[in-house]
Structure formats: structure tokens, C-alpha cells
Amino acid sequence: MARILLNKENLFYNLSVISEQTRSKNKVAVVLKDNAYGHGILEIAKLASEFGIKKAVVRTLNDALKIEKLFDYILILAEKSIHTYSHAFHIALNTLEDIDNLPENCNVHIKVDTGMHRNGISPEDLEVAILGLKERNIKITGVFTHHKGADELTTDFFWQNAVFTRVKQDVKRICEQLFLPLPAFHSCNSAALFRHADFDEDFARVGIATYGYLDDANIFKFPVLKPVLSLWADKLSSRILKEGQRVGYGGTYEATEDIVISTYDVGYGDGFLRLNERNSYTTPQGYKVLGRVSMDCLSLNTEDDEVCIFNNVKTLAKEHDTITYEITTALNSNIKKEIV
């Protein structure tokens, strides 16, 4: 059956590079949302915990519950209300309206919109938010924002940093006036972390870099990381495709000579999507995907019993005209995972 292999050594290498940039494992929060970017939330959580990471970021309460025993500190990004409390859970406040949905005594991180204009309160509403949370006995344990273009050479990165610097100053002033403890501050995603020569926030939320990718358009001197995930498939059948015969739906591939081809048990139902037929994809072992990818299988010009479909999704992302994130998160969560 199709399977995903997770390279423990590569993951630990990436976490070492990240920890060196933050100057402490305690300043790394590994992002495990969307099934750890397709890598498997439980598998990556256990490995990250083994490495010594104490903080994690997830999308939902359900995800937080899965990994609760592995981390001391879990930030939940996308819950409007929460009814299962844990001292380890910290809930992102994305809008003022959600203050009334939060339970008393819970931990909250206020998200501030510094220019992405997606989620988060306006910097001008900070005092309103802090007062509203204080009135409901909710603990403000963090204030954060998100960069919209840290991997691009624009002024946005510097502009958002400047806005967040003012946010920090305002939060400190308000907390001092209200005799509240200072929250943790964090703004860096993977790319933003490596844009900073001297990282000085309380922690960074590191997603795609954990898994071995940093998109920088060859502009910045980002470190070379190691992909963690590889996708493998087993042979279902082999045959001789004679000259002039076609294979697959629509018969878009026609043999120019007699060749041996085989069908393997990975398809778009597993998240390996149909390719742009103006281009062709070659596997790491040098085999070509022939014709259209089917729901549960694809054809290659080999008769090997097993093949590596990919071990670095940068090439595949280029074929699909997309980003590495989209390739890995599309993988079916039911694919068996093995740590190697």
C-alpha cells in the first residue's frame, strides 16, 4: 500500500537549525495544524517532543487534545469558543466579538492585525480588548501577529515589524496601568524568523521550515533545510505497452516504442493530484508519470516493486504552479506513516 516515510534525522536537523536561530528550544513553537502540514500530527508531535520542543500551534481544540500530553504550551488558532479547559491551552482571539464566547480563567493570545487584514483586532482596539478580557477574568498570556510577505522582497515586512513594535509598547503600557503581567509576544513564521539577524521575541511559530522547506525566491540567504516526508507506492501490475498504444484516461500518453509500464497504488484520491499535462513529472528514481493520474493509481515506465513518488515537493510544486504547503497538506491523512 501507499505509504509516507518520515525522516527523523532530517526533522531533527531542521529543528536544530531553527533552535539555533531562536537561540533556544524553548523559543520554538512547532506548527502542527492541518495534520502537521500533511506529515501526521501525532507522528511529528511525538518526534518534536522527543527533540525537546515544549510549544506547539494547532488549528482546533480537537488537535490540541490529541497532543495535550506531549507539550507544555499549545496555542489554538481557530476556535471561537472552547469548553474543554487545560492549563496548557492558549486560545487565539481573532475578533473582539469572541470575547464573550470564552470561558473565564482561560488563557488567551490576542491576535493583532498589522497589515494582513485577515484575522486579528485593530491596534487601536487593544485597550478595549484587554479591558474586556480582564472583566471576564481571562488571562492574557500572549499578543501576536502574522506576516503576509516575509518570504518576499517588499517593504511589508519592515512595515509590519514597525507596527508590531508599537503594539508591544502599547500592550506594555496598558498592562502596567492595569497591574497585569506582561504577555508573551510573537510574530515570526518560518520566513520571518530567518529574516531576523537578532531574534528577540518570546517565541517563533515555525511551520513549513520544520518540514524542510523555505520559499525565498533565491533572494535571501535562508538556510538549506532537509525535507522530512517522502511518498512511496507499491506496484499493482505490469504490462508491455506496444508502440502506438495509449495508457490511462483519455489516452494522453502514446508509446513511441514497445515499453514496460507498471501501475502503482497512488492517485489523486491519496492527494497526489493530476499533473499539468503541458509538463511531465519524473520521480526521484528517474521514472516518468505516463498519462493522467487516476483516483487510486498512476502509471510509470518501470517494473520496480516499489517506487518513491517524491522526496522533495519543490519540483512537484513547480509542475502544479503552486507552493510546497499545498502539495503536502493535500495528502490523505489515512496514508500509513512510518518513521525511518
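Modeller: Axes here are lines fitted to C-alpha atoms, for helices over the stretch in contact, and angles run from 0 to 180 degrees between N-to-C directions. The model is a predicted one, in which local features need pLDDT of at least 70, side-chain atom pairs count only at pLDDT 80 or more, and totals for chains, interfaces and linings use all residues. Residues are numbered from 1 along each chain as its sequence is written, and side-chain values use heavy atoms, with hydrogens and water left out.

Biologist: Why is α1 called oblique to α3?

Modeller: Helix α1 (residues 8-22) packs against helix α3 (residues 41-51) at about 55°, the axes being 10 Å apart. Under 35 degrees is roughly parallel, over 145 roughly antiparallel, 65 to 115 roughly perpendicular, and the rest oblique; therefore α1 is oblique to α3.

Biologist: Which residues of α1 and α3 make the contact?

Modeller: Contact means heavy atoms within 4.5 Å. On α1 the residues are K8, L11, F12, L15, S16 and S19, and on α3 they are I44, L47, A48, E50 and F51.

Biologist: What makes T324 count as buried?

Modeller: Buried means under 20% relative accessible area, exposed over 50%, and partly exposed in between (1.4 Å probe, protein chains only). T324 has 3% relative accessibility, so T324 counts as buried. T324 is found in helix α9 (residues 324-329).

Biologist: How do you know that the side chains of H147 and N161 make a polar contact?

Modeller: A polar contact needs a pair of N or O atoms within 3.5 Å; within protein, one must be able to donate a hydrogen and the other to accept it, and residues adjacent in sequence count only if both atoms are side-chain atoms. The side chains of H147 and N161 make such a contact at 3.4 Å.

Terms used:
Helix = DSSP H or I, 4+ residues; strand = E, 2+ residues; numbered from the N terminus.
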